[in-house]
Amino acid sequence: MTDSSDTESESSQSVEGWEAADFIQMSTELGRISDPTLVGPRQVLEALDTLQGLDICAVGNDERLHGTIQRISSTLLSFLDRVLTTVDLCSETALEDFALAFPILLSESTLSLLLKYRVLFRDIALHDLEASASAITTAAWLFHLDAPVVDVPLAHSVEWYDEGLVGALETAPSAALSMLLRVLQQSVDAARDRPETLDAISLDVTIKACWGIKHILQLSDVEHAALAGIYGIVIELFVVLGECDIELHIKDLVLEIVSPSPTDLQLAVNLVGGPQSRYALAWEQSESVATAIAQEDDIVDTLDLRDIRQMLQFLTLTARMGSTPATLSDLPQRVLFAIFDLLGSESMESLTWTMLGDATILALARSLHHASFKRTMTVTEQVRIVWGLVREADPSDLPLAASLATYISATAGACVLDALSYGEAWSFLRDVLLLVLDRDFGGQEEPLALLVASAICRALVELARHESPQARRYYVSSPWTLSMVARLQQLKVEEVPDAEDYYRILADLIAPYRDSMLSVVCRA
């Protein structure tokens, strides 16, 4: 149980600028357990009398009494919700109710009682994801917290808010995680029950809740069973959201949330992915959109392409552990083939290729590990097409280079290709690595360049391992290859100056492949 001192920072937030109509709309969208207009002073007094009659030690040890505590908490919060959301504050009934209830709530004995139970209220609430007035309170706090979503830049992983959100999350991470998950669950229910997009207020709350959950999971160790449940909720959110810009931002956050643990992602997908589920429907919609784009000559909608890209990225994550449920194994494959056919009719300079090219190739590479893909995706025309892309690919296009490197690593030696294809792949990957070694990528691309380097090195090792000695000698004869080798020989972790953070990180990342690459050159 959390120490009572941890609640000192739980001071009330400023409500300056709150609009009652906004709060009502948000509460309606997110749902609530009961109508707060039915909670009056009599219910408040009964709840406080019940609380006064309980033994706090007995309540803490007897889970059968937790439901009673939860009802008391919901009653008190619903009444406060009514105060915030009642538009006609001048009505005779409202004034009578408030005049009767507030002296009771603000009395010294009541405040002392609530102070004694405050930690227990929260700890019991951690285990309940049902809709409640406390979730509405959390949503209200998120909505009025610093910057609105419309002002959030694309780089949404950067802290948008001031220290208010981060401080609250880090004060009591488990409590914050529970409340944020309640908000998300109600967002899922609201999005599932209506065909059109959620309103701006609900989306504002949802994206902040997702960011908060991602931040907490980065800070805390969560048990696998609990993490799979969390993933299940955010996956449901992923598949019920639409294609407006804010919804796509939220789905990007979901992809970040589920990326760290493929095992728990597999469990979550198996839970939510049935043949009649929204998960299956989302794949069918992606297939339809890809097919429609291929058949139309009109300008392609960027939001549609972003939506398809996110489904490809989700497929890449799930394919790492073969996470696609058996009942849906052909759906992602159909989507992948539909998008691949779409790209076949586009030039590499087109918007469609720019948005979908690297994600499609990476999804193909990862899906090769899935049993249902292996029979159709190796030694086929698709493999030759992908390898052939290195002739036109730009070495400075890091996302495409990373995807091609991953695909080449997965298919080298497993498909029938001529020596020229291997040579072209070697030249392309070598040129990319030279750019990284020369630190040609700056700004926001620099961290990506460091991450891509290891994939490039692995692909080069795989190419050399599956080629003949004559081909390896041909590779080494190039002055550009010799230049790459010279740089690799200078790049040892223990010899990089401390001031050179970039090269120290790079040396550490490519260390598993560096000796193998140098060995290839020596044998040639």
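Modeller: Let us begin with secondary structure: helices (H or I, at least four residues) and strands (E, at least two) are DSSP runs, numbered from the N terminus. In this protein there are 25 helices and zero strands. The model is predicted, so local features need pLDDT of at least 70 and side-chain atom pairs count only at pLDDT 80 or more, whereas totals for chains, interfaces and linings use all residues. Residues are numbered from 1 along each chain as its sequence is written, and side-chain values use heavy atoms, with hydrogens and water left out.

Biologist: What share of the residues counts as buried?

Modeller: Buried means under 20% relative accessible area, exposed means over 50%, and partly exposed lies in between (1.4 Å probe, protein chains only). Of the 524 residues, 51% count as buried. Accessible areas come from the Shrake-Rupley method with a 1.4 Å probe, and for residues only the protein chains shown count as cover. The protein exposes about 24400 Å², of which carbon and sulfur atoms supply 54%.

Biologist: How many aromatic pairs does a search of the whole structure find?

Modeller: Rings of Phe, Tyr and Trp (its six-membered ring) pair if their centres lie within 6.5 Å; planes under 30 degrees apart count as stacked, over 60 as edge-to-face and the rest as tilted. The search finds three such pairs. One of them, W387 with Y422, is tilted, at 5.0 Å centre to centre and 55° between the planes. Because W387 lies in helix α19 (residues 381–388) and Y422 in helix α21, this pair ties together parts that are 35 residues apart in sequence. Both W387 and Y422 are buried. The rings of Y502 and Y503 have centres 5.1 Å apart and planes at 85°, so that pair is edge-to-face. Y502 is buried at 3% relative accessibility, while Y503 is partly exposed at 22%.

Biologist: Which residues does R430 touch, leaving aside those up to four places away in sequence?

Modeller: Contact means heavy atoms within 4.5 Å. R430 touches L460, S478, W480, T481 and M484. R430 belongs to helix α21 (residues 419–437) and is buried, with a relative accessible area of 6%. A polar contact is a pair of N or O atoms within 3.5 Å; within protein, one must be able to donate a hydrogen and the other to accept it, and residues adjacent in sequence count only if both atoms are side-chain atoms. The side chains of R430 and D431 are joined by a polar contact of 3.1 Å.

Biologist: Where does R439 lie, and what is its phi?

Modeller: Most residues other than glycine have a negative phi. R439 is not a glycine, yet its phi is positive, about 60°. R439 sits in the loop between α21 and α22 and is partly exposed, at 37% relative accessibility.
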